[in-house]
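Welcome to a short tour of a protein model. Take a moment to find your way around the picture, and then we will visit a few places together.

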Amino acid sequence: MERVLEPEVMDTIEESVAYDAMDFSEVNTAFVKEAIALCPQEQATILDAGTGPGHIPILICQIKPQWQVTAIDLAATMLEIAAQHVQKAGLQAQINLELVNAKKLPYQDEQFDMVISNSLIHHLPDPLPFFLELKRVVKPHGGIFIRDLFRPADEATINDLVNSIGVEFNAIQTKCFRDSLYAAFTLDEVTELFSQAGLSDVKIYQNSNRHWTAERVWSE
């Protein structure tokens with residue numbers, strides 16, 4: 001099934017509020033626990049690319065109070081929502097929210113101990129520039145943890161996923177989920193993108209009926 005692009009930036013207030021209201025607590029918690037396991041340092045600098053409403057960096061900093069997270073997004077309305085969540089959690093000193101294009105990162109080479117990203121890749125028409133930037137800003141043996149949807153083989157599978165997972169979604173949320181499945185990459189496409197970026201030391205695998213993961217353990 002061919003890929004169907006969706007907007008790169010989810011930046012209407014209606015879309016951002018609807019996305020923030022979706023219950024991803026279970027998958028976010030799993031994401032955070034797995035990401036932390038890849039980076040055993042007591043103190044670390046983390047880049048979260050495509051942070052959305054900021055739930056993941058908040059969970060990370062609640063578990064790792066010595067970590068510093070730079071959380072970026074290209075959607076101003078998302079960052080406004082994220083700022084409210086960060087302030088409510090009292091984590092302004094640990095989490096720095098920035099309006100930044102993930103394909104043109106304004107950070108130094110080898111700046112971060114770990115780069116993470118959840119559900120960003122399917123929004124990018126061409127993710128290769130982001131992967132190249134990821135390689136540049138992460139330390140040579142730094143951690144990497146990327147997770148996103150993968151594109152199903154046919155429309156029937158998409159319908160099954162939407163009907164089974166999105167039963168409590170409203171109309172905007174259902175459309176968002178369906179569009180994201182159409183816009184996602186296959187596992188083979190993701191593997192090729194990492195190879196093109198020179199990130200051959202990253203483990204890429206399917207971890208659920210709709211997600212792929214790419215990970216690299218932090219090492220000395």
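## A histidine and its surroundings

In this predicted model, His 211 has a relative accessible area of 12%, so it counts as buried, because the cut-off for buried is under 20%. You can find His 211 in strand β7, which runs over residues 211-216. The side chain of His 211 meets the side chain of Ser 208 in a polar contact of 3.0 Å.

Which residues touch His 211 if we leave aside its neighbours within four places in sequence? They are Arg 147, Asp 148, Leu 149, Phe 150 and Gln 206.

## Rings in pairs

Next, let us look at the aromatic side chains. The structure holds seven aromatic pairs. A pair of aromatic rings is described by the distance of the centres and the angle of the planes. Here are two of the pairs, with both values for each.

| Aromatic pair | Centre to centre | Angle between planes | Arrangement |
|---|---|---|---|
| Tyr 107 and Phe 112 | 5.3 Å | 90 degrees | edge-to-face |
| Phe 194 and Trp 212 | 6.4 Å | 85 degrees | edge-to-face |

## The largest pocket

Our last stop is an open space in the model. The largest pocket has a volume of about 1200 Å³. It is lined by 49 residues, and those closest to its centre are Tyr 19, Phe 24, Asn 28, Asn 118 and Ser 119.

Which elements give two or more residues to this lining? They are α1 (13-21), α2 (25-37), α3 (55-63), β2 (68-73), β5 (138-149) and α7 (171-183). The one that gives the most is α2, with five residues.

How values were computed. Residues are numbered from 1 along each chain as its sequence is written. This is a predicted model: local features need pLDDT of at least 70, side-chain atom pairs count only at pLDDT 80 or more; totals for chains, interfaces and linings use all residues. Side-chain values use heavy atoms; hydrogens and water are left out. Helices (H or I, at least four residues) and strands (E, at least two) are DSSP runs, numbered from the N terminus. Buried means under 20% relative accessible area, exposed over 50%, partly exposed in between (1.4 Å probe, protein chains only). A polar contact is a pair of N or O atoms within 3.5 Å; within protein, one must be able to donate a hydrogen and the other to accept it, and residues adjacent in sequence count only if both atoms are side-chain atoms. Contact means heavy atoms within 4.5 Å. Rings of Phe, Tyr and Trp (its six-membered ring) pair if their centres lie within 6.5 Å; planes under 30 degrees apart count as stacked, over 60 as edge-to-face and the rest as tilted. On a 1 Å grid over the protein atoms alone, a cavity is a set of points where a 1.4 Å probe fits but cannot get out, and a pocket is an open set with protein on both sides within 12 Å along at least five of seven lines; lining residues have an atom within 4 Å of a point. Grid points are joined across faces, edges and corners, and a volume is the space filled by probe spheres set on the points.
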